Amino acid sequence: MGIAEYEIKDNSLKVTDDARRHFDEDGCIIVRGLLSDSELQKVHGTVENPELVKHQYGRPDKKGKEPKLVLWQHPGNDVTGMVARSRKVAETCQQLLGGEVYHYHTKLITKEPYIGGTFEWHQDYGYWYKYGCLFPDMMTVFVALDDCNKENGCLQVLKGSHKCGRIDHLIVAEQTGADVERVQEIEKVCDLIHVELKAGDALFFHCNVLHTSSDNTSGNQRRALVIAYNRASNDPGPHEKHPGYTPLHTVHISHILIETNKNINISELHAYIFHFVFIYRLRILP
């Protein structure tokens, strides 16, 4: 059995009891067509901004290939912020987690053709636990900006692995990854799913779901906007690596098509980039 799939209708997503059940049981659901073609085009225009792209940072995997990413903590009023604040994304997370959420961070992840590298098996909560979050009341929305398939390094998840709880994370192939022996045992009882997505589709997944992605062996790039949320009740307060709770002012997704500030707040990115690169070099981030 694969992952339960749902579709956007009238630019909104109704979180049914069935969707909640699948999220609770499997740790994830797929939403097809989360972004429309016109919304996707707007996002592409923003993430291709040279001022953003030049800040992407990578660490070679065991094959010498590099996945690249850049991270920011406040959604703001740019196009990517409108996606993170949109009701069809943020309020869906609120319903799946069962309470008010706030934006934890957003990452742009890029796997370039042929040279984009692997992310080892890990849980997002394997990192966030160390940032003071006491409960795994957190989740991630992986929004495909390009088609994601086996050839270009789509996500792979162990369905239902969130029920195993938080796994110890160690240095694995120059990255911080989940304990390899424990992952191997979990692979025996949880189905391995390759999450193949079309551009605009999304995977909503719990912070304890084990996931990985292989290197890009194709001639096509693989980009994703990866948006993380935390329950307001799980706010650890200000932390050296993440700000504390800030109310999330949700908007209708139509805001993405309005000519507001099209680009990410580069001044915020400049202020954060040194800190980000520093902790990445210490292998704290995936």
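Visitor: How many nonpolar, polar and charged residues does the lining of the largest pocket have?
Guide: In this predicted model, the largest pocket has a volume of about 170 Å³. Its lining comprises 14 residues, and those nearest the centre include His74, Pro75 and Thr246. By class, the lining of the largest pocket has five nonpolar, eight polar and one charged residues.

Visitor: Which residues lie closest to the centre of the largest cavity?
Guide: Searching the whole structure gives four cavities of 30 Å³ or more. The largest cavity has a volume of about 170 Å³. Of the 18 residues in its lining, the closest to the centre are Lys107, Ile109, His122, His211 and Val226.

Visitor: Which strands each supply at least two residues of the lining of the largest cavity?
Guide: The lining residues of this cavity divide into nine nonpolar, six polar and three charged. Several strands each contribute at least two residues to the lining. They are S5, S6 (119-122), S7, S13 (211-213) and S14.

Visitor: Is Thr110 buried or exposed?
Guide: Thr110 is found in strand S5. The cut-off for a buried residue is a relative accessible area under 20%. Because the relative accessible area of Thr110 is 5%, this residue counts as buried.

Visitor: With which side chain does the side chain of Thr110 make a polar contact?
Guide: Leaving aside residues up to four places away in sequence, Thr110 touches Gln56, Pro67, Lys68, Gln221, Arg222 and Arg223. A polar contact requires a pair of N or O atoms within 3.5 Å. At 2.7 Å, the side chain of Thr110 makes such a contact with the side chain of Gln56.

Visitor: Which helices and strands do the buried residues of H2 pack against?
Guide: Helix H2 covers residues 37-47, and its buried residues are Glu39, Leu40, Lys42, Val43, His44, Thr46 and Val47. The partners of these buried residues include both helices and strands. They are helices H3 (50-53), H4 (79-85) and H5 (87-97), together with strands S5 (101-111), S7 (138-144) and S14 (222-231).

Visitor: What percentage of the residues in the protein chain is buried?
Guide: The protein chain contains eight helices and 14 strands. Its accessible surface comes to about 12,100 Å², with 50% belonging to carbon and sulfur atoms. Of the 286 residues in the chain, the buried share is 57%.

Visitor: Among contacts between residues at least 6 apart in sequence, what percentage joins residues at least 24 apart?
Guide: A contact here means heavy atoms within 4.5 Å. Among contacts in the protein chain between residues at least 6 apart in sequence, the share joining residues at least 24 apart is 85%.

Key: Residues numbered from 1 in each chain as written. Predicted model: local features only at pLDDT ≥ 70, side-chain atom pairs only at ≥ 80, totals over all residues. Heavy atoms only, no water. Buried < 20%, exposed > 50% of the residue type's maximum accessible area, 1.4 Å probe, protein only. Helix = DSSP H or I, 4+ residues; strand = E, 2+ residues; numbered from the N terminus. Polar contact = N/O pair within 3.5 Å; in protein donor to acceptor, adjacent residues only side chain to side chain. 1 Å grid on protein atoms, 1.4 Å probe; cavity = no way out; pocket = protein on both sides within 12 Å on 5 of 7 lines; lining within 4 Å. Points joined across faces, edges and corners; volume = space filled by probe spheres on them. Nonpolar A, V, L, I, M, F, W, Y, C, P; charged D, E, K, R; others polar. Areas by Shrake-Rupley, 256 points an atom, 1.4 Å probe, with all protein chains shown as cover.
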